[in-house]
Amino acid sequence: MRSPKHALSKGMRPRRLWLLVAFAVLIGVAAASTAMARHATRVGGKAHSARQAAKLVAQAGTPRVSSIELRGSVAVVTGTASAAGADATRTLWYESLEGAAFAQQTGATSLTRTVLDAAGKVLSTETDPVELGATDAFAAAVRSSADLARGAQERASTLGATVVESRFVPLFGGTAEFVIEPNDPTAFVAMAGVNAASLLGDLRPSHSPYLVTIVDARQAPLLILGYSPGVGGGSGQGIAWQSPDVQSDAIHGASGQGAKHFLP
């Protein structure tokens, strides 16, 4: 006769097996639930950043920026321009501005800007680090569209110029792109370093973003000067383009081939 101890051990084996199976099932369910939660978090994060990007594109109110997305830790901005040179430089400024704001929202550590023409050809592409502790892109606006346009026009008139276009951007406290047509474009561009500082008023010393495009009577761009905070390091990044047909004290060694960067 088998001992009671042996009989009891034999009788317990199926129960132990069932417990092990049940435990394995629970582990599998938990792992699956965790994986689903992580997937939902990733999907939710992508959806949230997509909503943020769409809002930024709508806020800026310019057709130049077509998309913004987060790829890992990189904010990727795509925009369009009619051609390389002046128009691509203007698009690059808008991409830098909106990209820096998006990076602040998402925690991106670098920013890639790509400018395409109507056929999808790459006109310009750049990647720079972003400074998340820079000027708050979403601080309450301290300058309205009307204030900026009125102030720029008043200062432009004292410089012998007219503001022919002003595009307001409600980021970084409120800023704008100004398109300026001087009475004497060549003379104005020659002294653009001084003239632009006078035209911008408090935008430049306050490290607020700005973009000034100087055109001639045909509305052809001669010089572009701009600045974006939060891109390219703690002090932000300047951007400039100069037509090969003019000379200026604002930048040196520039040509119409592409944008030049400088520390503001």
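In this predicted model, Gly-174 is in contact, its neighbours within four places in sequence left aside, with Arg-143, Leu-148, Phe-168, Val-169 and Leu-203. The residue lies in the loop that runs between strand E5 (161-169) and strand E6 (175-182), and it counts as buried because its relative accessibility is 0%.

The protein chain as a whole contains five helices and ten strands, and buried residues account for 41% of its 264 residues. Among the contacts between residues at least 6 apart in sequence, 56% join residues that are at least 24 apart. The accessible surface of the chain comes to about 13,400 Å², and carbon and sulfur atoms hold 59% of that area.

The largest nonpolar core comprises 28 residues, and those with the most contacts inside it are Trp-93, Tyr-94, Leu-111 and Phe-172. Two or more residues are given to this core by each of strand E1 (65-71), strand E2 (74-80), helix H2 (86-106), strand E3 (110-116) and strand E9 (237-242), with H2 giving the most, namely ten residues. Apart from this core lies another one, of 25 residues, which includes Phe-178, Leu-199, Leu-222 and Leu-223.

When residues up to four places away in sequence are not counted, Trp-93 touches Thr-175, Ala-176, Glu-177, Pro-209, Tyr-210, Leu-211, Gly-226, Tyr-227, Ser-228 and Ile-239. Two of the residues in this list, Tyr-210 and Tyr-227, also take part in the aromatic pairing described next.

A pair of aromatic rings is described by the distance of the centres and the angle of the planes. The count of such pairs comes to two. In one of them, the rings of Trp-93 and Tyr-94 have their centres 4.8 Å apart and their planes at 80°, an angle over 60 degrees, so the pair is edge-to-face; both Trp-93 and Tyr-94 are buried. The pair formed by Tyr-210 and Tyr-227 is tilted, with 6.1 Å from centre to centre and 35° between the planes. This pair links distant parts of the chain, as Tyr-210 belongs to strand E7 (residues 210-215) and Tyr-227 to strand E8 (residues 221-228), the two residues being 17 apart. Tyr-210 is buried, and Tyr-227 is buried as well.

Notes. Residues numbered from 1 in each chain as written. Predicted model: local features only at pLDDT ≥ 70, side-chain atom pairs only at ≥ 80, totals over all residues. Heavy atoms only, no water. Core = buried A, V, L, I, M, F, W, Y, C linked by side-chain atoms within 4.5 Å. Buried < 20%, exposed > 50% of the residue type's maximum accessible area, 1.4 Å probe, protein only. Helix = DSSP H or I, 4+ residues; strand = E, 2+ residues; numbered from the N terminus. Contact = heavy atoms within 4.5 Å. Areas by Shrake-Rupley, 256 points an atom, 1.4 Å probe, with all protein chains shown as cover. Phe/Tyr/Trp six-rings, centres within 6.5 Å; stacked < 30°, edge-to-face > 60°.
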